[in-house]
Amino acid sequence: MSYADTDAGGVVYHGRYIEQAERSRQQLLLDAELSFSALEREYDCLLVVHAIDASYEHPAFLGQKLHVSCAIRQLREAYSVWETRIEHGQVHLCSVAAKMVCLAAHGKNLRTMPDELFQRLSKHPFLPL
C-alpha cells in the first residue's frame, strides 16, 4: 500500500479496502471478457452496488503488498453477490461482500440480469455460501 492509502501512523484507511474491492470486481469482469461499458452497450445493464458489507480482521500497513481476489458468491437473476478477499501473505485482512443489482442502462429502473450475461458469469469460479 502507498502513503496516500494510510493515516499518519501508516495504517491503511478502511475505505481503501472498499476501493480495492471495486477494482477486483472490475478485474473479474475483464477476466470474463466483459467491462462495465460493455454491460451497458451490449446488455442494457448497469451493475450497481445495492448493499456492501466489509469485515475487517487485521490492519494493513504502509509498504505491504496485498493480495486481492474476487469471486461471485451468489448469482441470481435479480441480484448477485461478489466477495473480495484481501490478504497479506497468509493473513486474511478483510472481506468485502457487495450485493449487485442490474439497472436498465436507458431507463435506470431495476431489471433482471440478461440471460446471456447470467450465463457468462456462471462460468466463473464461485465461493461456497
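Is Cys94 buried or exposed, and what is its relative accessible area? In this predicted model, Cys94 is buried, with a relative accessible area of 0%.

**View 1. The disulfide between Cys45 and Cys102.** A disulfide is a covalent bond between the sulfur atoms of two cysteines. In this structure the count is one disulfide, and the bond joins Cys45 to Cys102 with an S to S distance of 2.3 Å. The pair links distant parts of the chain, 57 residues apart: Cys45 belongs to strand 1 (residues 45–56) and Cys102 to strand 4 (residues 91–104). Both Cys45 and Cys102 are buried.

**View 2. Cys70 and Cys94.** Cys70 takes part in no disulfide. The cysteine sulfur nearest to that of Cys70 belongs to Cys94 and is 12 Å away. Because a disulfide requires sulfur atoms within 2.5 Å, the 12 Å from the sulfur of Cys94 to the closest cysteine sulfur, in Cys70, is too far for a bond.

**View 3. The largest nonpolar core.** This core has 17 residues, of which Leu34, Leu39, Leu47, Trp82, Leu117 and Leu121 touch the most other members. Two or more residues come from each of helix 1 (14–31), helix 2 (36–43), strand 1, strand 2 (67–75), strand 4 and helix 3 (115–122). Strand 4 gives the largest share, three residues.

**View 4. The surroundings of Leu47.** Leaving aside neighbours within four places in sequence, Leu47 is in contact with Phe36, Leu39, Trp82, Met100, Val101, Cys102 and Met113.

**View 5. Another core, apart from the largest one.** This core consists of nine residues, among them Val12, Tyr17, Ile86 and Cys94.

Key: Residues are numbered from 1 along each chain as its sequence is written. This is a predicted model: local features need pLDDT of at least 70, side-chain atom pairs count only at pLDDT 80 or more; totals for chains, interfaces and linings use all residues. Side-chain values use heavy atoms; hydrogens and water are left out. Helices (H or I, at least four residues) and strands (E, at least two) are DSSP runs, numbered from the N terminus. Buried means under 20% relative accessible area, exposed over 50%, partly exposed in between (1.4 Å probe, protein chains only). A nonpolar core is a set of buried Ala, Val, Leu, Ile, Met, Phe, Trp, Tyr and Cys residues joined through side-chain atoms within 4.5 Å. Contact means heavy atoms within 4.5 Å.
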